[in-house]
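Hello,

Here is the structure I promised to pass on. Please open it first, then read my notes below.

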Amino acid sequence: MRLNEHPILDFSLRRGREVTIYFEGKPVKAHEGETISMALHAAGIRVLSHSSEKHRPRGLFCAIGKCSSCLVKVNGIPNVRSCITLVEDGMRVEMQKGKEELPKTAKPPEWKDAPKFEGDVVIIGGGPAGLMAAINAADAGARVILIDEQPMLGGQLVKQTHKFFGKREQFAGVRGIKIAEILEEEARKRENIQIFLETSAVGVFQEGDEKLVIAVRKNRELLEFRGKSLVVATGAMEKMIPFENNDLPGIYGAGAIQTLMNTYGVKPGDRVLIVGAGNVGLILAYQLIQAGVEVKAIVEAMPKVGGYFVHAAKVRRLGVPILTRHTILRAEGRERVERAVVAQLDENWRPIPGTERVFDVDVIALAVGLRPSVELLHQAGCQLLYIRELGGHVVRRDERLETTISGIFVAGDTAGIEEATTAMLEGKVAGIAAALKAGVASPDWLKEIEKAQRDLEEFRSGPFGRHVLEGIKKVMIGGSE
Amino acid sequence: MMAAEIPRYLRYGYITPEELEKYIGELPGEERLRKRSVAIPECPQEIPCTPCKEICPVDAVSMPTPNDLPVVDYDKCVGCSLCVQICPGLAFFMMHYVGDRARITLPHELLPLPEKGEEVVLLNRVGEEVGRGRVILVIPREKSKGDTPILTVEVPIELAWDVRAVRVVRE
């Protein structure tokens with residue numbers, strides 16, 4: 001179930017040396033550079049754990065380390081996120097059964113052992129916002145520390161095979177995967193940016209004049225990062241909706257399917273039903289077709305396509321039905337998805353009896369929206385507000401994206417669900433502002449902030465952006481509300 | 001939002017030429033279509049996107065701000081296909097009437113890429129097979145200025161306003 005031929009991607013360049021891992025004692029072929037759950041999925045293994053109360057089978061859901069649906073035991077250590085942990089030759093992986101305890105022999109990392117790293121600006125998250133923040137903060141004169149829990153830089157850009165919108169100076173017409181490469185190269189060639197991958201930030205604290213970020217590298221090593229200012233660009237995670245059997249393996253967040261097929265070249269399944277006709281669901285449908293997977297239908301509870309029309313038109317002309325005013329009622333199957341049952345909704349969002357339709361699918365993709373990953377900002381004590389237009393809880397901030405805690409900045413989807421284009425522009429604003437705050441940038445850089453702010457304003461001036469602006473108005477410190 | 005306010009194209013996910021005219025103005029007529037290839041954007045919704053305007057070598061795409069709709073000056077358009085190659089929404093097409101055939105230029109980001117001279121299945125805007133046509137030009141991805149392969153397919157003239165995709169069928 002690996003993809004070889006693809007109109008956009010060349011996986012032969014990406015797959016590393018073949019290695020063997022053991023799942024429940026049985027050997028599984030894997031490639032260096034891929035994560036445990038991707039290798040298992042390629043081998044047809046979808047059940048990764050069982051829930052703690054009812055022992056229900058669980059598989060992947062987000063595939064980017066945010067949801068804990070894919071926890072496994074690796075070499076005896078439980079609670080390992082199989083979606084972001086790279087395979088190693090000979091690794092022994094076991095299904096996790098509920099909450100499992102650390103083996104008695106496991107030795108936790110000792111605090112006094114933690115290596116310490118210091119910079120002017122610490123940036124958490126190496127996606128479009130974090131990378132742009134790092135590049136701009138570095139150019140403004142800051143020593144930058146950039147950390148990300150994924151094994152690669154680029155955030156969600158690494159799986160976006162479609163071309164971006166916007167202006168050409170903002171990478172319009174360039175595929176997300178290419179933008180990720182460009183930004184990574186820019187970041188890596190700057191000597192004043194130190195990059196730490198497979199490193200999860202777990203706590204943010206104030207220590208004297210400094211921000212202290214506590215992180216864990218490769219699940220086992222404690223690290224400390226210090227900087228005068230901090231940018232949090234931790235992205236977002238996929239939302240879930242309630243329906244019967246919504247935890248069956250084979251029900252994935254849309255992004256997880258993109259990770260499987262576009263990042264690691266693993267075929268997610270053969271027949272897919274997509275829930276949600278926003279941009280994510282529409283783009284996913286097109287990418288599935290490109291990967292040779294059949295898309296049975298897209299169902300959308302709203303009476304209209306929520307994403308860009310052009311994305312809808314692309315999949316309609318390839319024969320994918322978009323059923324507006326429809327929702328999923330339940331998934332069926334024993335250990336994995338075998339069918340999906342959908343129904344039409346009435347004006348009051350109630351399923352209309354007699355309109356049920358059954359789709360024989362082995363994958364159900366949920367593209368029902370994202371919510372900002374604000375956990376670290378919340379823990380640090382930044383003020384939060386629930387803003388529907390921005391996708392959930394977001395932090396209050398000013399026009400330079402500084403939160404209610406002096407020296408902590410936010411950018412990208414963490415600041416409110418939007419687009420990679422706006423994430424890059426926000427990253428630029430926050431990166432420069434953080435360098436200014438750290439006292440290392442010349443005031444000339446204010447001009448660059450203003451330019452990025454004007455670009456943001458222009459990008460958001462259409463009907464899609466106006467919706468976001470409503471939300472931003474509500475969280476702006478010193479704003480009109 | 002009331003159902004009545006929702007444009008038809010957003011309820012169904014595709015647009016008809018009649019509906020398209022309401023947004024981007026009158027479409028090119030037969031006389032213009034016979035003269036030479038002309039670009040037609042099926043882009044009825046205000047989204048922040050400008051590559052078509054930026055790439056046009058003769059400034060035929062009008063778009064005062066990035067969120068405005070692209071409006072093509074069909075007289076200025078030279079039929080170079082750069083907008084079809086670059087459009088991130090794959091929403092630009094070119095049409096040209098030649099005798100009793102129409103030549104449709106469209107993006108094709110799927111495998112396999114048909115070869116010049118190959119017969120392909122013609123698909124309309126909802127993916128229905130409406131006939132067969134012959135591919136007369138292929139610009140592969142590596143030669144495309146927009147990283148998207150495009151092809152020109154010759155179709156019966158009565159299908160000119162329907163065909164917007166092709167399927168390659170090989171035994």
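Predicted model: local features only at pLDDT ≥ 70, side-chain atom pairs only at ≥ 80, totals over all residues.

Chain A holds an open sheet of five strands. Their order is β11-β10-β9-β15-β28, and the pairing is parallel. β11 (193-196) and β28 (408-410) of chain A stand at the edges. Each has a single partner strand, so one side of each has no neighbour in the sheet. On average, neighbouring strands of this sheet are turned by 20° against each other, direction ignored.

Look next at one pair within the sheet. Strand β9 (residues 121-124) of chain A runs parallel to strand β15 (residues 229-232) of chain A, and four bridges join them. In this pair, A:Ile123 stands opposite A:Val231 in β15(A). A helix packs on the sheet as well: α8 (residues 420-437) of chain A. Helix α8 touches β9, β15 and β28 of chain A. Its direction makes about 165° with that of β15(A).

Now the loop residue. Where is A:Glu338? It is in the loop between β21 (326-332) and β22 (339-344) of chain A. A:Glu338 has 14 other C-beta atoms within 10 Å, so it counts as partly exposed; a buried residue would need 20 or more, an exposed one 12 or fewer.

Which residues does A:Glu338 contact, leaving aside neighbours within four places in sequence? They are A:Glu332, A:Gly333 and A:Asp362. A:Asp362 is 24 residues away along the chain, yet the C-alpha atoms of A:Glu338 and A:Asp362 are separated by 5.1 Å.

Best wishes

Technical notes
Residues numbered from 1 in each chain as written. Chains lettered and ligands numbered in written order. Helix = DSSP H or I, 4+ residues; strand = E, 2+ residues; numbered from the N terminus. Contact = placed C-beta atoms within 7 Å. Pairing = 2+ DSSP bridges. Axes fitted to C-alpha atoms, helices over the stretch in contact; angles between N-to-C directions.
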